[in-house]
Amino acid sequence: MKFNILTIFPRLFDSFLQESLIKKSIDKKLIDFNVVNIRDFTVDKHKTVDDTSYGGGPGMVMKIEPIYKALKSIKKKKKSKIILLTPAGKQFNQNMAQEFSKLDELIFVCGRYEGIDARIDNFIDEKISIGSYVLNGGEIAAQVIIESVFRLIPGTLGNIKSLEEETFSITSNTNFEYPQYTRPEVFEVGNKKHKVPKILLSGDHKKIKEYRASH
Ligand code: ADE
């Protein structure tokens, strides 16, 4: 699967793509990234990506031409979706992550929050928000979506079983996550002993399952 990202801050993706499972999945060629600098598609000397708003008002508006040209520069795959990140979009959730993970490609347009020329609506498929709060731009939102989508692609996670359990709990909306513990069995802070629940040490799988279902 390919993730294309249109942004005026491409460096925000540097460390995101160079760490952990995303990096491993790129190395394994399970996913591929194309970070496009919208500024590269300007034609003026100053590489202008925004301008004042028609009708007046505070704040700058992102210009439509560079974004349109950046979109045109992408050789689109068959099952592809163009997403504009905006707090006014449809709220992202796990079901959408599942749907997106079946596509060949996602194309994210990261606007800066102040605004983007409304004619962008003619060139995108969906507007998505990651929550009811305002970020400075869509870059972090795109990263949130990418992180939740790529891990649903077979091979990206070492442990498939954990993915199955997780999907089940999210769709059934129960037991989203149970408390987990690892060594040491007793963690002492001052004179306080923080212990792992006995049942988890019992080896009784039925009881452990019941414990986890009820926590
Ligand atoms: N851009 C600014 N805020 C956003 C949000 N909450 N979700 C998606 N894109 C955004």
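In what follows, Ala, Val, Leu, Ile, Met, Phe, Trp, Tyr, Cys and Pro count as nonpolar, Asp, Glu, Lys and Arg as charged, and the others, Gly among them, as polar. The model is predicted, so that local features need pLDDT of at least 70 and side-chain atom pairs count only at pLDDT 80 or more, while totals for chains, interfaces and linings use all residues. Residues are numbered from 1 along each chain as its sequence is written, and side-chain values use heavy atoms, with hydrogens and water left out.

**Exercise 1.** Describe the lining of the second largest pocket by class and by strand.

*Solution.* Begin with the pocket, an open set of points on a 1 Å grid over the protein atoms alone, where a 1.4 Å probe fits, with protein on both sides within 12 Å along at least five of seven lines. Its lining, meaning residues with an atom within 4 Å of a point, comprises 24 residues, of which Leu85, Thr86, Pro87, Ala88 and Tyr113 lie nearest the centre. Next, sort the lining by class, which gives 14 nonpolar, seven polar and three charged residues. Then turn to the strands (DSSP runs of E, at least two residues, numbered from the N terminus): strand 5 (80–91) and strand 7 (126–129) each supply at least two lining residues, and strand 5 gives the most, with five.

**Exercise 2.** Find the residues that surround the ligand, and state which backbone atoms lie by its nitrogen atoms.

*Solution.* First locate the ligand: the space that it takes is the second largest pocket, where a molecule sits in a pocket if more than half of its atoms lie within 2 Å of the grid points. Now list the shell, taking residues with a heavy atom within 4 Å; among them are Leu85, Thr86, Pro87, Ile128, Ser129, Ile130 and Tyr133. This shell divides into eight nonpolar, four polar and no charged residues, and strand 5 gives the most to it, with three. Finally, look for polar contacts (pairs of N or O atoms within 3.5 Å): a backbone N or O atom of Tyr133 lies 2.8 Å from a ligand nitrogen atom, a polar backbone atom of Ile130 is 3.0 Å from a ligand nitrogen atom, and for a backbone N or O atom of Thr86 the distance to a ligand nitrogen atom is 3.2 Å. Taken alone the ligand exposes 260 Å², of which the protein buries 99%, by the Shrake-Rupley method with a 1.4 Å probe.

Terms used. Helix = DSSP H or I, 4+ residues; strand = E, 2+ residues; numbered from the N terminus. Polar contact = N/O pair within 3.5 Å; in protein donor to acceptor, adjacent residues only side chain to side chain.
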